[in-house]
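Thanks for coming. I will walk through one structure today, and I will start with a term before I get to the residues.

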Amino acid sequence: MKDILLDIGNSSFCKLAVCDGGGIRYVRKILRDDIRTVVEDELGETAQAGTVCLSSVAGDISVTESWLRTISRKYIRLDAFTPMPLTFDYSTPESLGADRIAAAVGAAALFPGEDCLIFDLGTAMTVDFLSGHGSFEGGCISPGMNMRFSALHSLTSRLPLAGPQTAVAGAGKNTVEAISSGVVSGIMFEVEKYIENNPGHRIVFTGGDSLFFAKKLKSPIFVVCNLVLRGLLKIVQFNDV
C-alpha cells in the first residue's frame, strides 16, 4: 500500500511524494487545488493510502484534511508534538512551522551525529540550528529573495520590480542593477556570516532558491531539494509501529 507525503508551503504549489517500502519512489510538484485529483489518480482503484503525512504552513486547509483522513489508514498532520526522532529547545513549539521541523528531521537522518545549519531559501529564508545529538536549537526567519524584490517595489513609490537576473558583482550602474545586486548580495552576506559564526557545522540548503545561491557561495554546501519530504518519510517510518 502506498504512503503519501505532502509538503504544502506558502505558494499555490505543493510537493507530493509517493512512497513504498523502499522509500520515496518519486516526487511531483502540483497545484494545491489539484491535490485530491492527483492523489486519487496515484492510488488508483484501491482509493486507499497507508499513511498520509502532511507538512503545511498554509492557511485553512480543513476541507483537504478531512478528505485525506478518509483515504488513509493512518493520518499524520505534523507539528512539534508528533512522535519523531527529534527534541526541541524552543520556547513556543506550538508555533514552530511544520516545514522547519521536517527539514530538521531530514537533516538529522542524512547527517547523524553532526551539528547542522539548515537554510531553507524559499518564500521566507529560514536558518535553523540542529545539534549533533538531535536537538532543534531554534533559528532565524527573514524575507526570501522574491519577497525582498516585491517589498522594494510595492512599499515604495518609484522603485521598479527587479529580479536576480540583473545582479552584478559590486555596484549596480542603474536602478534595476542596484536593486538586483542589493537583494542577492544581501542574502549572500547573511548566509556567509551565519556560516562563519558556526564553524564545524554541516551546511544544508533546501528550498526553491537553494541551487541559485549554492552556486554563488564558496563554502561546501549540501543541497537537498526535497529535505522536507525526506523528513516526513523518516517521521512515517518512526510512527510505523
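A disulfide here is a pair of cysteine sulfur atoms within 2.5 Å. By that rule the count is 0 disulfides. Before the details, two remarks on the source. This is a predicted model, where local features need pLDDT of at least 70 and side-chain atom pairs count only at pLDDT 80 or more, while totals for chains, interfaces and linings use all residues. Residues are numbered from 1 along each chain as its sequence is written, and side-chain values use heavy atoms, with hydrogens and water left out.

Back to the cysteines. C116 is in no disulfide either; its nearest cysteine sulfur belongs to C140, 16 Å away. I will call a residue buried under 20% relative accessible area, exposed over 50%, and partly exposed in between, using a 1.4 Å probe and protein chains only. C53 is buried, at a relative accessible area of 0%, and C116 is buried, also with 0%.

Now the sheets. Strands (E, at least two residues) and helices (H or I, at least four) are DSSP runs, numbered from the N terminus. Two strands pair if DSSP finds at least two bridges between them. In general, strands of a sheet pair through backbone hydrogen bonds, either parallel or antiparallel.

Axes here are lines fitted to C-alpha atoms, for helices over the stretch in contact, and angles run from 0 to 180 degrees between N-to-C directions.

β2 and β3 run antiparallel and are joined by 8 bridges; within that pair, L16 is opposite R28 in β3. Contact means heavy atoms within 4.5 Å.

How is β4 placed, enclosed or open? It is largely enclosed by the rest of the structure, because 8 of its 8 residues are buried. On one pairing, strand β1 (residues 3-8) and β4 are parallel over 5 bridges, with L6 opposite L54 in β4. On another, β4 and strand β5 (residues 72-77) are parallel over 5 bridges, and V52 stands opposite Y75 in β5. From β4 the chain passes through helix α2 (residues 62-70) to β5 in a right-handed β-α-β crossover. Right-handed means that, with the strands pointing away from the viewer, the path from the first strand over the helix to the second runs clockwise.

S55 lies in strand β4 (residues 49-56) and is buried, with a relative accessible area of 0%. Leaving out residues up to four places away in sequence, S55 touches L6, D7, I8, A98, D99, V228 and L232.

L232 brings us to the cores. A nonpolar core is a set of buried Ala, Val, Leu, Ile, Met, Phe, Trp, Tyr and Cys residues joined through side-chain atoms within 4.5 Å. The largest has 32 residues, and L5, L78, I118 and L232 touch the most other members. β2 (13-20), α3 (98-110), β7 and α7 (227-238) each supply at least two of its residues, and α3 gives the most, with 8. A second, separate core of 21 residues includes L121, F149, I179 and F213.

The other open sheet to show has 6 strands in the order β6-β9-β8-β7-β10-β11, again with mixed pairing. Its edge strands are β6 (87-88) and β11 (222-223). Strand β8 (residues 124-130) runs antiparallel to strand β9 (residues 135-143), with 6 bridges between them, and V127 is opposite C140 in β9. Helix α5 (residues 175-197) packs on this sheet, touching β7 (116-121), β8, β9 and β10 (202-206).

Last, a loop residue. A162 sits in the loop between α4 (145-154) and α5. Is A162 buried or exposed? At 11% relative accessibility, A162 is buried. Beyond its neighbours within four places in sequence, A162 contacts F149, V176, I179 and S180.
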